[in-house]
Amino acid sequence: LTVIILAAGKGTRMDSNLPKVLHTVDNQPMILKVITTAHKISANSIITIVGYKSELVKDALKNQKTEFILQEEQNGTAHAVIQCKNRLKNFDGNVLILSGDVPFISLDTLTFLVKNHIKSNSKATVLTCDIENPYGYGRIIKNKNNTLKKIIEHKDANEEELKETEINAGVYIFDASTLFKILPTINSNNKQKEYYLTDVINILLNSNEPVFIEKTINANEVIGINTLEQLKEANNVS
């Protein structure tokens with residue numbers, strides 16, 4: 001198992017010059033909470049993708065056992081992960097992808113996610129959750145038999161899709177060789193003109209490859225922090 005933590009964004013909605021993942025939750029940078037949890041999983045290595053003011057993020061993690069890979073331009077989550085392609089070209093295993101701005105993800109949930117992914121022999125597994133206010137989150141769209149049909153980003157979703165309350169938590173586990181085979185084929189034909197990691201999932205689904213959902217009932221652990229208001233709420237939760 002290799003863990004990749006996405007931590008390259010500026011976080012424009014934070015209204016701050018500080019990289020988003022360095023804003024504090026529980027009196028520590030939120031990225032530190034994520035990496036501390038990641039260390040408790042039996043991983044071969046942990047890679048942190050840095051970008052905006054990368055030296056500040058590296059400095060905050062200087063005492064942590066992690067490699068750093070630079071994403072010079074922030075062109076989306078798939079673009080971030082593909083920066084690891086050369087580093088993992090000979091890696092035969094699974095890649096767990098975490099977000100540096102989702103600080104409350106629990107060890108129990110991640111352990112369960114990894115275990116069930118391996119047990120199901122799927123090419124990818126995505127963590128989901130039902131939340132009361134899904135605004136801003138990618139939506140989980142299912143078939144009539146309750147299997148995953150697709151994941152759609154909020155900005156690309158239609159009126160009907162936006163009614164869905166099951167969201168993509170931004171935590172994934174992929175078979176490494178499958179992931180890096182598909183990533184170069186992704187395009188940025190979407191509202192944000194970004195390369196979405198969720199498109200890897202959608203390509204797999206369209207190819208009838210096995211993709212599974214792992215659902216957590218704890219909405220607090222999948223809270224993403226994108227604004228100062230959400231930061232304040234997160235500190236109230238913690």
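Where does asparagine 27 lie? Asparagine 27 sits in the loop between β2 (24-25) and β3 (28-29); here helices (H or I, at least four residues) and strands (E, at least two) are DSSP runs, numbered from the N terminus. The structure is a predicted model, in which local features need pLDDT of at least 70 and side-chain atom pairs count only at pLDDT 80 or more, while totals for chains, interfaces and linings use all residues. Residues are numbered from 1 along each chain as its sequence is written, and side-chain values use heavy atoms, with hydrogens and water left out.

With 78% relative accessibility, asparagine 27 counts as exposed; the classes used are buried (under 20% relative accessible area), exposed (over 50%) and partly exposed (in between), with a 1.4 Å probe and protein chains only. The buried residues of α1 are Met30, Ile31, Leu32, Lys33, Val34, Ile35, Thr37 and Ala38.

The loop between β4 (45-50) and α2 (54-60) comes next, and glycine 51 lies in it. Glycine 51 is buried, with a relative accessible area of 13%. Not counting residues up to four places away in sequence, glycine 51 touches Ala7, Ala8, Leu70, Gln71 and Gln74, where contact means heavy atoms within 4.5 Å. Lysine 150 lies 99 residues from glycine 51 in sequence, and their C-alpha atoms are 29 Å apart in space. Lysine 53 also belongs to the loop between β4 and α2. Its phi is near 45°, a positive value in a residue other than glycine, and lysine 53 is partly exposed, with a relative accessible area of 38%.

Strand β5 (residues 67-70) holds glutamate 67. This glutamate 67 is partly exposed, at 29% relative accessibility. Setting aside residues up to four places away in sequence, glutamate 67 touches Ser45, Ile46, Ile47, Thr48 and Arg87. With arginine 87, the link is a polar contact between the two side chains, at 2.7 Å. Such a contact is a pair of N or O atoms within 3.5 Å; within protein, one must be able to donate a hydrogen and the other to accept it, and residues adjacent in sequence count only if both atoms are side-chain atoms. Glutamate 67 and alanine 8 are 59 residues apart along the chain, and their C-alpha atoms are separated by 14 Å.

Cysteine 84 is buried, with a relative accessible area of 0%, and cysteine 129 is buried, with a relative accessible area of 0%.

Helix α6 (residues 198-206) is mostly covered, with seven of its nine residues buried. These are Thr198, Asp199, Val200, Ile201, Asn202, Leu204 and Leu205. The elements that cover them include β7 (124-130), β9 (148-152), β10 (166-175), α5 and β11. Within α6, asparagine 202 counts as buried at 13% relative accessibility. Leaving aside neighbours within four places in sequence, asparagine 202 is in contact with Lys150 and Ile151. From helix α5 (residues 176-182) comes threonine 178, which counts as buried at 9% relative accessibility. Beyond its neighbours within four places in sequence, threonine 178 is in contact with Lys123 and Leu204. Just after α6, asparagine 208 takes a positive phi of about 60°.

On a 1 Å grid over the protein atoms alone, a pocket is an open set of points where a 1.4 Å probe fits, with protein on both sides within 12 Å along at least five of seven lines; lining residues have an atom within 4 Å of a point. About 150 Å³ of space lies in this second largest pocket. Strand β11 (residues 211-215) gives the most to its lining, with three residues. By class, the lining has five nonpolar, three polar and one charged residues; Ala, Val, Leu, Ile, Met, Phe, Trp, Tyr, Cys and Pro count as nonpolar, Asp, Glu, Lys and Arg as charged, and the others, Gly among them, as polar.

Technical notes:
Grid points are joined across faces, edges and corners, and a volume is the space filled by probe spheres set on the points.
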